[in-house]
Each structure stands twice: as C-alpha cells, then as structure tokens.
Amino acid sequence: NFLLLDEPTNHLDIASQEVLQSALEAFNGTILLVTHDRYLVDRLASQIWELRQDGDGPRLEIFKGPYQEYLAARASKPA
C-alpha cells in the first residue's frame, strides 16, 4: 500500500485533478508525493519533506504536520 507520485496533476484538467484528489484521499496506504501543486499538498499531506542545500551539502528536513502549519513554522524561522 505505497504510492510514489511525481507531479501527478501536471497535465490534468481541473475535473481530472479533482477525481485524482478524491481517489488519493480515499487511499488507505502511504503516499510519497513530489509536486509543485500546493493545493494538492494542502489537501493530502500529513508530513512535509523538504530538501535543502546548505554549507554541508544536501539536507532533508521533515516537518510532521499539515502544509499550512509547515508554512507558518517556516515563516516564523529567522532567515
């Protein structure tokens, strides 16, 4: 029960995106979603994995929570 999706909504019209979103919401397993579709992330994500480049090389930051909480936490971080 694992789906790995890379930009699944890129070439879909709005009606098809809504059908896909409903199907993914009903999916009972784990979804690893790579996307720029913020609306889809907002609807589905329970964790955000962010890849960042810093002075030591690439780093993975995991935020456990929905997308809106991630955005708020990121906005409150000092630059």
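Biologist: Which element gives the most to the lining of the second largest pocket?

Modeller: This is a predicted model, and its second largest pocket holds about 160 Å³ of space. The elements β3, β4 and α3 each supply at least two residues of that lining. With four residues, the element that gives the most is β4.

Biologist: How many charged residues are in the lining of the second largest pocket?

Modeller: The lining consists of E50, R52, R59, E61, I62, F63, Y70, A73, R74 and K77. By class, four of these are nonpolar and none is polar. The number of charged residues is six.

Biologist: Is E50 buried or exposed?

Modeller: E50 lies in strand β3 and is one of the residues that line the second largest pocket. Its relative accessible area is 15%, and the cut-off for burial is under 20%. E50 is therefore classed as buried.

Biologist: With which side chain does the side chain of E50 make a polar contact?

Modeller: Leaving aside neighbours within four places in sequence, E50 is in contact with R59, L60, E61, Y70 and R74. A polar contact links its side chain to another side chain at 2.8 Å. The partner is Y70.

Biologist: Which residue in β4 is the bridge partner of E50?

Modeller: Strands β3 (residues 47-54) and β4 (residues 57-64) pair in the antiparallel sense over eight bridges. The two strands form a hairpin, with two residues between them. Within this pairing, the bridge partner of E50 is E61.

Biologist: What separation do the C-alpha atoms of E50 and P8 have?

Modeller: Along the chain, E50 and P8 are 42 residues apart.

Biologist: How many nonpolar residues are in the lining of the largest pocket?

Modeller: The largest pocket holds about 960 Å³ of space. Of the 26 residues that line this pocket, L33, V41, Q47, I48 and W49 are the closest to its centre. Two or more lining residues come from each of α1, β2 (30-34), α2 (38-44), β3 and α3 (67-76). By class, the lining has four charged residues, six polar ones and, as the nonpolar count, 16.

Biologist: Why does T9 count as buried?

Modeller: T9 is placed in the loop between β1 (2-6) and α1 (14-26). The cut-off for burial is under 20% relative accessible area. T9 counts as buried because its relative accessibility is 5%.

Biologist: Which side chain makes a polar contact with the side chain of T9?

Modeller: Not counting residues up to four places away in sequence, T9 touches Q17, L20, T35, D37 and L40. Its side chain makes a polar contact at 2.9 Å.

Biologist: What pattern does the chain follow when read along the sequence?

Modeller: The secondary structure comes to three helices and four strands. The C-alpha atoms fill a box of roughly 40 × 25 × 25 Å, taken along the principal axes. Read along the sequence, the pattern is β-α-β-α-β-β-α.

Biologist: What percentage of the residues in the chain is buried?

Modeller: A residue is buried when its relative accessible area is under 20%, and both T9 and E50 are classed in this way. The chain has 79 residues, of which the buried ones make up 20%.

Notes. Residues are numbered from 1 along each chain as its sequence is written. This is a predicted model: local features need pLDDT of at least 70, side-chain atom pairs count only at pLDDT 80 or more; totals for chains, interfaces and linings use all residues. Side-chain values use heavy atoms; hydrogens and water are left out. Buried means under 20% relative accessible area, exposed over 50%, partly exposed in between (1.4 Å probe, protein chains only). A polar contact is a pair of N or O atoms within 3.5 Å; within protein, one must be able to donate a hydrogen and the other to accept it, and residues adjacent in sequence count only if both atoms are side-chain atoms. Contact means heavy atoms within 4.5 Å. Two strands pair if DSSP finds at least two bridges between them. On a 1 Å grid over the protein atoms alone, a cavity is a set of points where a 1.4 Å probe fits but cannot get out, and a pocket is an open set with protein on both sides within 12 Å along at least five of seven lines; lining residues have an atom within 4 Å of a point. Grid points are joined across faces, edges and corners, and a volume is the space filled by probe spheres set on the points. Ala, Val, Leu, Ile, Met, Phe, Trp, Tyr, Cys and Pro count as nonpolar, Asp, Glu, Lys and Arg as charged, and the others, Gly among them, as polar.
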